[in-house]
Amino acid sequence: MGLLTKLFKDPIQEQSSVNHSFKEAVARRRSIYAISKDKIVSEEKIQELVHHAVKHTPSAFNSQSARVVVLFGEHHDKLWDITMEELRKIVPTDSFAATEEKINSFKSGYGTVLFFEDQSVIEQLQKNFELYKNNFPIWSQQSNGMLQFVIWTLLEEEGLGASLQHYNPLIDAQVQKQWNIPATWKLIAQMPFGKPTAPAGEKEFKPLEERVKVFK
């Protein structure tokens with residue numbers, strides 16, 4: 001019987017196991033701000049995860065408008081130097097210490113994922129399907145949000161901590177110039193990641209009865 005069990009696995013049981021693993025990964029994904037440059041996952045592995053996420057995350061009309069840039073080493077550090085200097089221009093000097101500490105916490109990580117949306121793809125869809133013209137920018141943001149979540153969760157599964165930041169459009173021009181980013185790529189978010197050096201804080205949940213309605 002044991003041999004038969006191994007040879008003829010229950011597909012429902014297998015699927016349940018997969019679903020359970022996915023649910024656990026979703027629950028474990030949190031905003032981790034305390035990170036270090038310790039390389040517990042190779043750059044090649046992270047690149048592989050990003051490729052997988054970009055390829056398989058859905059998009060409206062299969063537009064595939066998402067674009068991603070992954071920064072390691074001095075490129076990662078440069079991003080947060082740029083962010084620091086841009087913030088220095090607008091944050092009062094007497095209150096800049098907290099800002100500096102925050103940016104340095106992101107810089108202390110192993111790398112950063114930059115998320116973009118190619119506006120040329122969206123504009124072409126607007127021309128081709130004028131009936132949905134006003135929806136394409138919205139759907140674009142929704143698809144990019146899904147991609148952010150997928151990459152974030154995959155990083156967590158590898159033991160990496162990450163958080164999602166939005167210093168755009170403040171840093172857009174400098175990022176475009178520094179890494180020769182196409183003019184049609186619009187920066188959406190930044191995700192610094194690294195080895196967690198402290199756990200996420202406690203998270204409170206509102207009652208699901210207030211957030212979900214089910215009709216049978």
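## Strand pairing around β5

Two strands pair if DSSP finds at least two bridges between them. In this predicted model, strand β4 (residues 161-162) meets that mark with β5: two bridges join them, and the strands run antiparallel. Within this pairing, G161 has G194 in β5 as its bridge partner.

Strand β5 covers residues 185-196. Strand β1 (residues 35-36) is also joined to β5 by two bridges, again antiparallel. Here S36 stands opposite K195 of β5.

Strand β3 spans residues 111-118. Eight bridges link β3 with β5, in the antiparallel sense. One of the paired positions is E117, whose bridge partner in β5 is K186.

Rolling a probe the size of a water molecule over the atoms shows where empty space is left. How many cavities of 30 Å³ or more does the model hold? The count comes to one. The largest cavity has a volume of about 40 Å³.

## What lines the cavity

The lining of the largest cavity consists of S59, A60, S63, I122, L125, F136, W139, S140 and S143. Helices α6 (119-128) and α7 (136-157) each supply at least two residues of this lining. Which helix gives the largest share of the lining? Helix α7 does, with four residues.

By class, five lining residues of the largest cavity are nonpolar and four are polar.

Conventions:
Residues are numbered from 1 along each chain as its sequence is written. This is a predicted model: local features need pLDDT of at least 70, side-chain atom pairs count only at pLDDT 80 or more; totals for chains, interfaces and linings use all residues. Side-chain values use heavy atoms; hydrogens and water are left out. On a 1 Å grid over the protein atoms alone, a cavity is a set of points where a 1.4 Å probe fits but cannot get out, and a pocket is an open set with protein on both sides within 12 Å along at least five of seven lines; lining residues have an atom within 4 Å of a point. Grid points are joined across faces, edges and corners, and a volume is the space filled by probe spheres set on the points. Ala, Val, Leu, Ile, Met, Phe, Trp, Tyr, Cys and Pro count as nonpolar, Asp, Glu, Lys and Arg as charged, and the others, Gly among them, as polar.
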